[in-house]
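This briefing concerns the structure displayed below.

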Amino acid sequence: MRGFRLFVALILAVFAAPAAMAGQDQVQPDVTVSGVIAGKDAQTYREIPFNVPAGVERITVALSYDKSNKTVIDLGVWDPRQFRGWSGGSYDKVTIAASDATPGYLPGPIPAGRWHVQFGVPNARPNSSAAYKVKVYFDRGTATRASAAIANPPLNDRPGWYRGDLHMHDANSDGSCKSQLGRKVPCPLFRTVEAASASGLDFIAVTDHNTVAHFDDLRELQPWFDKMLLIPGVEVTTFRGHTNIFGPSRFVDFRVGTPGVPNLPALQNSIAAAGAIMSINHPASPSGEICMGCGWLWTDTDWSQVTAVEAVNGTHVEGAYAGLGFWYARLNEGKRLTGIGGSDTHDPDGPSRIGRPTTVVYADSLSVPGITAGIKRGNVFIDTEGTRDRLLEMAVVSGGRRAVMGERLRPDATLSMELRLAAVRGAAVEVIANGKALAGLGSTIDSDDARMKVSLDRAQACGWISANVRGKAGLLLIGNPVYIDCR
Ligand SMILES: [Zn+2]
Ligand SMILES: [Zn+2]
């Protein structure tokens with residue numbers, strides 16, 4: 001029976017792989033208009049009308065045409081009332097939403113009604129004829145996210161470990177840095193992103209408090225930062241706790257206790273409806289007049305809608321203000337939550353450094369959907385010092401089955417943990433079972449690319465187990481759990 005299942009799994013994998021790679025080809029346009037630009041159209045304008053139904057939150061337009069005879073089509077967009085942008089011959093894909101738009105286009109509400117794509121034709125040779133195709137894609141909340149595939153293709157479509165910082169602030173909330181004259185000023189987003197890029201990170205999430213005003217600038221910066229993914233994020237900041245959300249398609253009303261958001265589950269529903277995942281920030285911080293609502297005080301949390309916990313915030317790795325104990329306590333309650341880290345940098349030139357800690361995510365691609373899905377799956381570890389090369393791969397094997405971090409395993413009588421550890425020579429492995437380090441199982445790592453196998457006691461492992469790496473100064477790497485289901 002097991003052999004048959006494996007065969008089925010392999011078949012599924014073969015069929016699933018091309019579908020996962022397809023992305024752009026899979027998304028069908030809502031409107032397609034084809035036509036021809038002839039020589040007589042030179043130095044004229046042409047309108048391509050299309051109807052936008054109610055409920056559309058983002059419009060993405062893609063233009064392709066035959067350029068072989070030096071025909072040039074300039075591109076612009078009007079909504080039913082007014083101008084929404086012009087990009088001449090610069091872009092063949094443009095996107096417009098309330099929070100952000102392709103540079104040259106104006107973000108703002110998407111009214112239903114008759115929009116049009118505006119062509120200008122600076123050049124078409126006499127007697128020439130150039131076929132064109134305009135495709136228009138509508139995003140309606142999370143039901144369709146055409147923009148992710150069309151306007152934001154992955155920076156890298158290879159699966160692998162990607163290193164990033166999931167928490168920082170800039171001038172769009174309370175981030176600051178030194179001006180030209182050395183004054184403390186609101187820190188421009190560009191300075192923050194540049195500092196992150198200098199850290200060699202693969203991705204960052206910019207998480208200003210309660211606003212989406214930075215999304216438009218992130219969209220402008222992304223083509224220039226074409227090695228580092230810029231994830232739109234928000235630190236949803238309430239009076240009783242802070243939570244980062246990654247990848248929302250729109251503003252999320254944070255005002256818990258007002259009619260539109262009567263309680264925390266209502267906030268969580270709107271986070272999910274915006275297509276974002278939720279991570280509870282610095283949950284063990286004290287809450288009071290120094291930092292109001294910094295600890296997590298909500299008692300009506302819907303844990304099924306929480307993806308992650310910020311186990312490490314800045315340099316708080318262990319001790320009273322660290323989130324590790326809070327995370328482990330929730331895992332001990334049977335919740336499945338990915339432990340992540342975030343620097344919470346408010347000044348890229350200050351003592352807290354972007355990338356310390358770094359969260360390392362195994363993802364299908366370097367894209368917003370790729371990284372958020374990777375965090376959800378939980379094959380993730382935290383590099384507390386934010387190095388570029390430390391690695392913690394962990395799997396639990398039993399009875400021919402193998403589960404990596406974030407996965408569930410039903411064990412046989414015997415089980416063991418397999419580890420691959422890079423760039424941590426001289427440090428020691430700590431095996432954690434249900435929040436406690438197992439005595440006597442630690443061993444010193446004797447190579448820069450070490451592979452180890454640790455036998456585990458079934459009774460101790462039931463629940464969840466993980467592996468951490470400890471150096472002289474403290475925890476260097478914090479792994480995510482494999483869930484051991486002994487029922
Ligand atoms: Zn906070
Ligand atoms: Zn913060």
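Predicted model: local features only at pLDDT ≥ 70, side-chain atom pairs only at ≥ 80, totals over all residues.

Residues are numbered from 1 along each chain as its sequence is written, chains are lettered from A and ligands numbered from 1 in the order in which they are written, and side-chain values use heavy atoms, with hydrogens and water left out.

**Domains and their contact**

- The protein is divided into domain 1 (27–150), domain 2 (154–388) and domain 3 (391–487), with bounds from an automatic or database domain assignment.
- Between the C-alpha centres of domain 1 and domain 2 the distance is 34 Å.
- Domain 1 and domain 2 each supply 13 residues to their contact, where contact means heavy atoms within 4.5 Å.
- About 960 Å² is buried between domain 1 and domain 2, with 50% of that area from carbon and sulfur atoms; buried area is the accessible area (1.4 Å probe) that two parts lose on being put together, summed over both.

- Two salt bridges are counted between domain 1 and domain 2, a salt bridge being a side-chain nitrogen of Lys or Arg within 4 Å of a carboxyl oxygen of Asp or Glu.
- Arg 219 and Asp 100 form a salt bridge through their side chains, at 2.6 Å from N to O.

**Zinc site**

- Glu 235 (OE), His 242 (ND1) and His 282 (NE2) coordinate the zinc ion (ligand 1) at 2.0 to 2.2 Å; donors are N, O and S atoms within 2.8 Å of the metal (3.2 Å for Na, K and Ca), and water is not among the atoms, so sites may look incomplete.
- Along the chain, the donors of this zinc ion (ligand 1) have the spacing E-x6-H-x39-H.
- The zinc ion (ligand 1) and the zinc ion (ligand 2) lie 3.7 Å apart and are bridged by Glu 235.

**Backbone geometry**

- Most residues other than glycine have a negative phi, and most peptide bonds are trans.
- The peptide bond from Arg 356 to Pro 357 is cis, with omega near 0°.
- Asn 127, which is not a glycine, has a positive phi of about 65°.
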